[in-house]
Structures are given as C-alpha cells and as structure tokens.
Amino acid sequence: MNKESNQKTSKTITESPSNFSNLEKMSVTELLTGINQEDGQVHLAVHRTIPEIEKFVTLLIDRIKAGGRLFYLGAGTSGRLGVLDASELPPTFGVPGNIVIGLIAGGDKALRNAVESAEDDWDKAWEEIQEHGFNQNDTVLGIAASGTTPYVIGGVKKARENGLLTACITCNPGAPVSQAAEIVMEAIVGPEFVTGSTRLKAGTAQKMILNMITTSLMIKLGRVQGNKMVNMQLTNKKLVERGTKMIMEELKLEKEVAKSLLLKHGSVKKAIEAYK
C-alpha cells in the first residue's frame, strides 16, 4: 500500500472554513470574543475522549513501572507541545528526564524555527527512537492535529510493528495516524477561528490531553502526596518556599526548621520521611 493512500479516508475538519469571516474587519473586542467562544468547544471535545485516555493511561502506568518510557512524536505545534510536556516533568515531579521523551521533526532547531520538509520524512522518527535503545515496555504516542503527518505516522507504524504500545492524539476523525495506532484519542474541536491554524483549538486540546496523561501517570507513580508535588526539584526560591510551606503544614514545624530540613534532604517527600 502506498504510504499516502489512506489519507483520503479521513475527514479534514481541521482544514474546514472558519465559522467567522472578514476577521480583518473585526474590532479587537470582537476578535477576542470570537476566539474565546471557539475555545469553549475544546473542553467538551476533550471530555469525550476520556474513555480512550483512561485506557491509555492504565496501560502506560504498568509499562513505566516495568522500566518502559513514553515517546512523544510530533511536528510543528504538536511536536513543541510534546517536548514542553516532557521537559516539565523532571522539575515538577522529580523524575529522570528519560521517562518521557519528546521528539520533534527537525530536532531541537524546530522548537524555535520551522525546519523545511522535516515532517515529511516517514522513517526519521523510528530512527530517533532506536537511538534511545527502545525496549518492549516502551510506548509511542503520536501527536498530530491533522493526523496526516508522515513523521508521526511512520514512527507510530514502525513502533507497532516492533511490538510497542502505540497511541495517538488527533483532531480529525478516521485520520491516517488513527488507523496506524492502537489507542486513538480524537478530540474533534471543529474548524479553527483562523481557517487551518491548528495552533489554536487543536493545540489547546492536545495540551489538555497531554496534561491529563502525564499528571495522572505521575500521581499513580507516587510522585504526588495528598495534592502536593512532594518530589519537585528545588530549582528556585519560589519552589524552596513552596516546599518549606508543605513541610510546615505537614509536620507543624517552624519555618526555619522546615526549610533546613528541606534543604538537607532535597525534597519534601524525603524530608518528611526522614523526620517521621
């Protein structure tokens, strides 16, 4: 089968005409109100995907506990969102940086600048996964608003062929990436305010789903106690103050004692455990 042949079966809602016209004639208030109105569709679309997100997270938890990792594959906005989510987990939850790995078409350069034709390479994503020495507990999540990105589809297909768990986040029903992945999270947010600009509603939906996946994962891995980030890295004064307050509340200690305990042990969780 030709690699492009199944793209004709998907409904490209993300490319549908905007519900608004003559944008350049609108006032700033009208523009902001219109964008906000469209954004109101996002949480509803994400809510409808919860059963698939739940299925994915449930499987992912056991795979991570068994030594697997989660790879994000994306291009453009989708790729940047994956890298962003992956990069925020170590400081927020104190996990190693190789638990969730964000790969973007074109590499780190593409985080700031478009890299010509990078997303059209069907084989590159799988090559990059192999560079990390994949194992059978690894999981690959393709992120593609249109669901037609060759870099993402090719990586998901090869990962599945090699026995890895695969999933995708997309905003078009029946997209090629959905046909390639085992678990499909389709957040159908409708046409964008600016026709085809998937950095808007589609990007917001993708970010919300990524937040849901990794926050739930980190909680189930024991990186949160009660409702607090007890394993966060103490990388600035704000986080030291936050950690100190957590220890004060938990152990009923004075501020200086709590802060000293925190700095000695390096995390809220370790400080509390050592004191107890």
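Trainee: Which backbone oxygen lies 2.7 Å from a polar atom of the side chain of Lys201?

Mentor: That's the backbone oxygen of Pro191. Keep in mind that we're looking at a predicted model.

Trainee: Okay. Is Lys201 buried or exposed?

Mentor: Lys201 counts as buried because its relative accessible area is 2%, which falls under the 20% cut-off.

Trainee: Where is Lys201 found, and what is it in contact with?

Mentor: Lys201 is found in helix α8, which covers residues 201-220. Leaving aside neighbours within four places in sequence, Lys201 is in contact with Glu38, Asp39, Val42, Val189, Gly190, Pro191 and Glu192.

Trainee: Switching topic: where does UniProt place the "active site" feature?

Mentor: The UniProt record, an unreviewed entry, puts it at Glu88 and Glu119. The farthest two C-alpha atoms are 23.9 Å apart, so these residues do not all gather at one spot. Of these residues, Glu119 is included in the lining of the largest pocket.

Trainee: Where does each one sit, then?

Mentor: Glu88 is in helix α4, residues 76-93. Glu119 is in the loop between β2 (100-104) and α5 (124-131).

Trainee: And how accessible are Glu88 and Glu119?

Mentor: Glu88 is partly exposed at 35% relative accessibility. Glu119 is also partly exposed, with a relative accessible area of 37%.

Trainee: What's Glu119 in contact with?

Mentor: Setting aside neighbours within four places in sequence, Glu119 is in contact with Ala75, Ala105, Thr149, Pro150 and Tyr151.

Trainee: Now the sheet. What order do the strands come in?

Mentor: Five strands form an open sheet in the order β2-β1-β3-β4-β5, with parallel pairing. The edge strands are β2 and β5 (183-186), and each pairs on one side only. On average, neighbouring strands are turned by 15 degrees against each other, direction ignored.

Trainee: How many bridges join β4 to β5?

Mentor: Four bridges join β4, residues 165-170, to β5. If you want a spot to look at, Ala167 stands opposite Ile183 in β5.

Trainee: Last one: which strands does α4 lie across, and which does α6?

Mentor: α4, the helix with Glu88, lies across β1 (70-74), β2 and β3 (139-143), running at about 155 degrees to β2. Helix α6, residues 150-161, lies across β1, β2, β3 and β4, at about 150 degrees to β1.

Terms used:
Residues are numbered from 1 along each chain as its sequence is written. This is a predicted model: local features need pLDDT of at least 70, side-chain atom pairs count only at pLDDT 80 or more; totals for chains, interfaces and linings use all residues. Side-chain values use heavy atoms; hydrogens and water are left out. Helices (H or I, at least four residues) and strands (E, at least two) are DSSP runs, numbered from the N terminus. Buried means under 20% relative accessible area, exposed over 50%, partly exposed in between (1.4 Å probe, protein chains only). A polar contact is a pair of N or O atoms within 3.5 Å; within protein, one must be able to donate a hydrogen and the other to accept it, and residues adjacent in sequence count only if both atoms are side-chain atoms. Contact means heavy atoms within 4.5 Å. UniProt positions are given in the numbering used here, feature names are shortened, and annotations may be inferred rather than shown by experiment. On a 1 Å grid over the protein atoms alone, a cavity is a set of points where a 1.4 Å probe fits but cannot get out, and a pocket is an open set with protein on both sides within 12 Å along at least five of seven lines; lining residues have an atom within 4 Å of a point. Two strands pair if DSSP finds at least two bridges between them. Axes are lines fitted to C-alpha atoms, for helices over the stretch in contact, and angles run from 0 to 180 degrees between N-to-C directions.
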